[in-house]
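Biologist: Before we discuss particulars, could we look at the model together and take the questions one at a time?

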Amino acid sequence: MSSTSSVCFLDDDSQRELDDLNKRINALQERKHALTLEAFQVHTTIRTLQSRAAHITNKTAPVSRLPSDVLAIIFEESRRLLIPWSNVVKRPLSPEVQLSHVSSRWREVALSTPALWTTIRFPILHKEAATMAYLQRSNQAPLSVHIGPRVSDPDSLRFITAQFVPRMNQIRELTFDTDERQELCALFPLFAEEPASILRRLKICCNDTRTASGVVPRLDIFKAGAPLLSDVRLSALAVGLPQCSATTLHLEPQPGPGNPLSRLAFLDILAPLSATLTTLHLKGFISGFHQEPGSAPVELPALKELLVYGNTLNHGFNVFRNISTPAIRTLSLVNVRRQGLSSIHKFIARTSPEHFQHLHTLRYINCDIDDDLDVYLPHATSALTELAVSIKHHTHLLRLLLNSDRQAALHGVPPLWRNLHTLTLHVSKPLDREREDVESDEEDDPPPTMGLLLEVVQERRAVGKPLDLLRIEGPHARSFYEEFTTLLVKVHEDLHTELFSASLPSSVDVQDSEGDWAFAAHYIGNQYRLFMFKKHQQFAPGAPAIHPRGLPVMVYPSTHTHVP
């Protein structure tokens, strides 16, 4: 007999017992459900009471006694933090989002502070939903917008057209960060006819290192004008800038030596800014072969600061044949080869005293200076007040200074560079002891470089033109600083010294710092590229290990120490 048949023919006692058991089970299940509901309610009540207790306890913390407006100022300063992307799985939360998740009061303050939500990085940190939330929370405050990379797909272009282009009258700082020229070609037409009424800072970066085929067409942007634009950072690409009165122009190293910007394209960029430009940094590659003879230089009457990298000169471009800088006060030369540097020195000597009579700061960073450098350079730059040189690269320049001071002391005449008050030493590599026989009687003598520097300091004082400040900078500055200041104490030499130590790889611009507005865009863009590369390697281990263009260099903050 089956079990089903046996159930159907239970006797009365068994049926009564079964019914009783089912009633008890149902009662227990109802009680379990009630207890579960009560446990949930108790848990919710506990969490509510704990939240209230924490709220009361938090009031005793000093930060809780800060007024909301002061807390908002602290929040705004916290946005300056640049945190490395250590997590490969997901991107980090922005500082303003993290702050809004701390407590109910902090969230209330954060959401009621529009300035916290004005920096949008699409799509690096903010996808479409996050971007919409930021635009709403910013409440019409001026925006800082970072677009790219990887935005050439139709959906991204539609979103940019719908949300960013109509808000150009609200954007104060704009960065285009692309990996391919095609991205710029897709983005620029969206903004070509738009006016940028409050735009002050513009950065256009392209990391496409592939050699371009044929003539690269010029890309125009903001043809309707950008009257307040004052700071422009460009990759070495032919870009048509809007009508503006920019005071700062940086030509960045990208896209690289295989794609130099033509001399004519560079002058087309420079000419509209010639009347107002005060700062010009040339780091990118410019081609100048067979085009310079007979050309008139662009006059830059307001230019005060000029920085030239060796990259700019490697394709035949001659700086001072193409630009005239009658009012220049600071000239910085970085990684310039011997031939290019000799040409610059000859031009300085030939045009003196009509030019460079206002030059107060001359900086040489890792340049190839001729050993037979003559006194014509100090004669032509007699107004110099600050000289910067790299240790191990430019000791012969220090010897020139020392020998000219000795000659002045011998003949009782004023020294060359009589106004020199600040000497800056750039230490890019560790300084060796430079001794062959450490067991000699002179083992306590300083290394030759430090000995030479000490002689310069003492001879300056002997001719009545003592240095006011010795500044030591660079990634390996601290050890040199500590050893040399110990030497100064040992010889009882009183000299004001200053340390500026930066832990930067050698490939990073010595002028870059976290205080520069464009540094954050550069840093976060490169962190994103490294993040995507690591993510690709983790989730597609069999794929070819191809590094993305513009793979970042880790940059760490500088420390500025003032020592009396």
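Biologist: Against which helices and strands do the buried residues of H12 pack?
Modeller: Bearing in mind that this is a predicted model, the residues of H12 that count as buried are Leu-341, Ser-342, Ile-344, His-345, Phe-347, Ile-348 and Thr-351. An α-helix has 3.6 residues a turn, so residues three or four places apart point the same way. The partners of the buried residues of H12 are helix H10 (310-313), helix H11 (319-322), strand S15 (330-334), strand S16 (361-365) and helix H13 (376-380).

Biologist: How many Å apart are the end C-alpha atoms of helix H12?
Modeller: Helix H12 covers residues 338-351, which is 14 residues, and at 1.5 Å a residue these should span 20 Å.

Biologist: Is Phe-122 buried or exposed, and what is its relative accessible area?
Modeller: Phe-122 lies in strand S1, and, leaving aside residues up to four places away in sequence, it touches Lys-127, Glu-128, Thr-131, His-146, Ile-147, Gly-148, Val-151, Ser-156, Phe-159, Ile-160 and Phe-164. Since buried means under 20% relative accessible area, Phe-122 is classed as buried, its value being 3%.

Biologist: Which helix and strands each supply at least two residues of the lining of the largest cavity?
Modeller: The count comes to one cavity of 30 Å³ or more, and about 60 Å³ of space lies in the largest cavity. Its lining includes Thr-119, His-146, Leu-174 and Trp-517. The elements that each supply at least two lining residues are strand S1 (119-122), strand S2 (143-147), strand S3 (171-178) and helix H17 (517-539).

Biologist: How many residues has the largest nonpolar core, and how many has the other core that lies apart from it?
Modeller: In the largest nonpolar core, which has 119 residues, those with the most contacts inside it are Ile-147, Leu-174, Phe-176, Leu-280, Leu-306, Tyr-364 and Leu-387. Apart from that core lies another, with Tyr-523, Ile-524, Tyr-528 and Phe-531 among its members, and its size is eight residues.

Biologist: Among contacts between residues at least 6 apart in sequence, what percentage join residues at least 24 apart?
Modeller: The protein chain has 564 residues, of which 45% count as buried, and its secondary structure comes to 17 helices and 21 strands. Of the contacts in the protein chain between residues at least 6 apart in sequence, the share joining residues at least 24 apart is 77%.

Note on methods: Residues are numbered from 1 along each chain as its sequence is written. This is a predicted model: local features need pLDDT of at least 70, side-chain atom pairs count only at pLDDT 80 or more; totals for chains, interfaces and linings use all residues. Side-chain values use heavy atoms; hydrogens and water are left out. Helices (H or I, at least four residues) and strands (E, at least two) are DSSP runs, numbered from the N terminus. Buried means under 20% relative accessible area, exposed over 50%, partly exposed in between (1.4 Å probe, protein chains only). Contact means heavy atoms within 4.5 Å. A nonpolar core is a set of buried Ala, Val, Leu, Ile, Met, Phe, Trp, Tyr and Cys residues joined through side-chain atoms within 4.5 Å. The expected span of a helix is 1.5 Å times one less than its number of residues. On a 1 Å grid over the protein atoms alone, a cavity is a set of points where a 1.4 Å probe fits but cannot get out, and a pocket is an open set with protein on both sides within 12 Å along at least five of seven lines; lining residues have an atom within 4 Å of a point. Grid points are joined across faces, edges and corners, and a volume is the space filled by probe spheres set on the points.
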